[in-house]
Amino acid sequence: MLRWTALAWSCLLVSEMYEFNSNGLYFLTSSSGVTYQTFCDMTTAGGGWTLVASVHENNLFGKCTVGDRWSSQQGDNPNLPEGDGSWSNKVTFGTAEAATSDDFKNPGYYDITAEDVSIWHVPNNSPVNQWNMAAILRYHTSRKFLTLHGGNLYNLFKSYPVKYKAGICNTDKGPVIPIEYDFGSDESVTKLYGPNTKTQFEPGFISFRVFNHEQAAMAICSGVKATGCHLEHFCVGGGGHFPEGEGRQCGDFTSFDWDGYATHAGWSASKEVTEAAMLIFYR
Ligand code: G3P
Ligand code: CA
Ligand code: CA
């Protein structure tokens, strides 16, 4: 069924105006008149969640090359401290249907005024109708924290730039928000990362804009609050320079592979989380 809701700028409005209540692809229209298709989660905690972005890792061996839209596609470079700048600009890319196979960012990311976020980690290349069932982790915030940060992540990251050397570890953290699990638990979040990495976080939160030991910036630490400074093994997105390891940590999934690709040993993340796209919703 094609759902055409040209007057609605968010899935929340669709659910209120049209009383559609099934998960799937809908058409939305931004305040500047851009019509786009995206996925609405109409069931989680009352529904009305709009998919606004996905962070997908197409090649962890690439290191800030093509496909690293949430860090830099222009190489690890201290002269480009914000990399591609996607967290705080209005460049859009990808499609909703391919959100688990490539990066996705639609006008809702900067246009919708929202209160909370929901995150799904969905195995790469999953078809839309299986996202919910296939997800390895789903959770949402409920404290309306976005109202304190301009109503969306575009504005939040304007206040907290994802920019190399714009701050230091621990001192210059962005918001840290407790989460409610829709699928998963503190234990299952912890299991996604390597044995060394577990010493660097506490599960049960989502954190925004952090810096590591070397002042590399990262955008989102999903499911966790950072307690140490080796954040590059579990936080995603970033600026354009990661000093440690001569560029080896630069990329959308930063240094998930420090001790080998998907080995789940040392500082390396599990195959499950390495090969899952992070879907970002607003409500
Ligand atoms: O983030 C870990 C890195 O800074 C140190 O790694 O290989 O010396 O254990 P390693
Ligand atoms: Ca990517
Ligand atoms: Ca480190």
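E246 is exposed, at 83% relative accessible area (exposed is over 50%, buried under 20% and partly exposed in between, with a 1.4 Å probe and protein chains only). E246 isn't a glycine, yet its phi is positive, about 50°. You'll find E246 in the loop between β14 (235–236) and α6 (271–274); helices here are DSSP runs of H or I with at least four residues, strands are runs of E with at least two, and both are numbered from the N terminus.

N125 is another non-glycine residue with a positive phi, near 70°. N125 sits in the loop between β6 (117–123) and α3 (131–134), and N125 is exposed too, with a relative accessible area of 55%. For context, most residues other than glycine have a negative phi.

## About the model

This is a predicted model, where local features need pLDDT of at least 70, side-chain atom pairs count only at pLDDT 80 or more, and totals for chains, interfaces and linings use all residues. Residues are numbered from 1 along each chain as its sequence is written, chains are lettered from A and ligands numbered from 1 in the order written, and side-chain values use heavy atoms, leaving out hydrogens and water.

## The calcium site

What coordinates the calcium ion (ligand 2)? The donors are H56 (O), G67 (O), D103 (OD), D103 (OD) and D252 (OD), at 2.2 to 2.5 Å. Donors are N, O and S atoms within 2.8 Å of the metal (3.2 Å for Na, K and Ca), and with water not among the atoms, sites may look incomplete.

Along the sequence, the donor residues run H-x10-G-x35-D-x148-D. G67, in the loop between β4 (49–55) and β5 (104–105), and D252, in the loop between β14 and α6, link distant parts of the chain, 185 residues apart. G67 is buried at 5% relative accessible area, and D252 is buried at 0%.
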